[in-house]
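Reader: I would like to learn how to read the inside of a protein model. Could you take me through one slowly?

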Amino acid sequence: MPPKTVLLFTDATILRWFPPLRSIWAFRGEQAQVRITGENAKRVLFAAINPRTGHRLILRRFRQRQEDFQEFLRYLRHHYGGRPLWLLLDKASCHQAAGSQRLAAKLNVTLLWLPTQCPELNPQDHLWRELKRLIVANRQFQSLDQEARKAEHWFLGLSSGTARRKAGILSGNFWLKEFM
């Protein structure tokens, strides 16, 4: 890896106004209730975590198309200035789109593909799972933007050490531990 290169794991998740339903506690003989509106709008959160420092960035969008991913690339480039960026990410169609590939090359961002169907290799996926468990499961917010703000606040509010631990980066079994 060239000197001063920033390595980031990146991924996106969809937040839906209809909450993910998970098992919850209720009194014996009573049905647990989750109030919902019946509407199912969505927001997409693009995020990245630096496995060495635990620093995180997040960008909210309405969709997960190549234009949205390209805006995330510009956001990362703006934040990291001229330093080379290496992104470890999945092979989502918005990532592999020709326009995204061209923009990444133009911005000096190297895209490194994780194996297909291996979300366990991406620490960002572990953070999404925890976010959905703690923040969005079994509850519907007043608005989808309120839900997204709460999710962003949780994500960015973690200490660097906590974020790295929850993401599995500090595990003795982390697949890139020798690289860190």
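Reader: Which residues have the most contacts inside the largest nonpolar core?

Author: In soluble globular proteins, nonpolar side chains tend to be buried together. Here the largest nonpolar core has 26 residues, and those with the most contacts inside it are Leu 15, Ile 49, Trp 128, Leu 131 and Phe 155. Such a core is a set of buried Ala, Val, Leu, Ile, Met, Phe, Trp, Tyr and Cys residues joined through side-chain atoms within 4.5 Å, where buried means under 20% relative accessible area, exposed over 50% and partly exposed in between (1.4 Å probe, protein chains only). This is a predicted model, in which local features need pLDDT of at least 70 and side-chain atom pairs count only at pLDDT 80 or more, while totals for chains, interfaces and linings use all residues. Residues are numbered from 1 along each chain as its sequence is written, and side-chain values use heavy atoms, with hydrogens and water left out.

Reader: Is Trp 154 buried or exposed?

Author: Trp 154 counts as buried, because its relative accessibility is 13%. Leaving aside neighbours within four places in sequence, Trp 154 is in contact (heavy atoms within 4.5 Å) with Leu 127, Glu 130, Leu 131, Leu 134, Ile 135 and Lys 166. Although Trp 154 and Leu 131 are 23 residues apart along the chain, their C-alpha atoms are separated by 7.5 Å.

Reader: With which residues is Trp 128 in contact, leaving aside its neighbours within four places in sequence?

Author: For Trp 128 these are Asp 11, Ala 12, Thr 13, Leu 45, Ala 47, Ile 58 and Phe 155.
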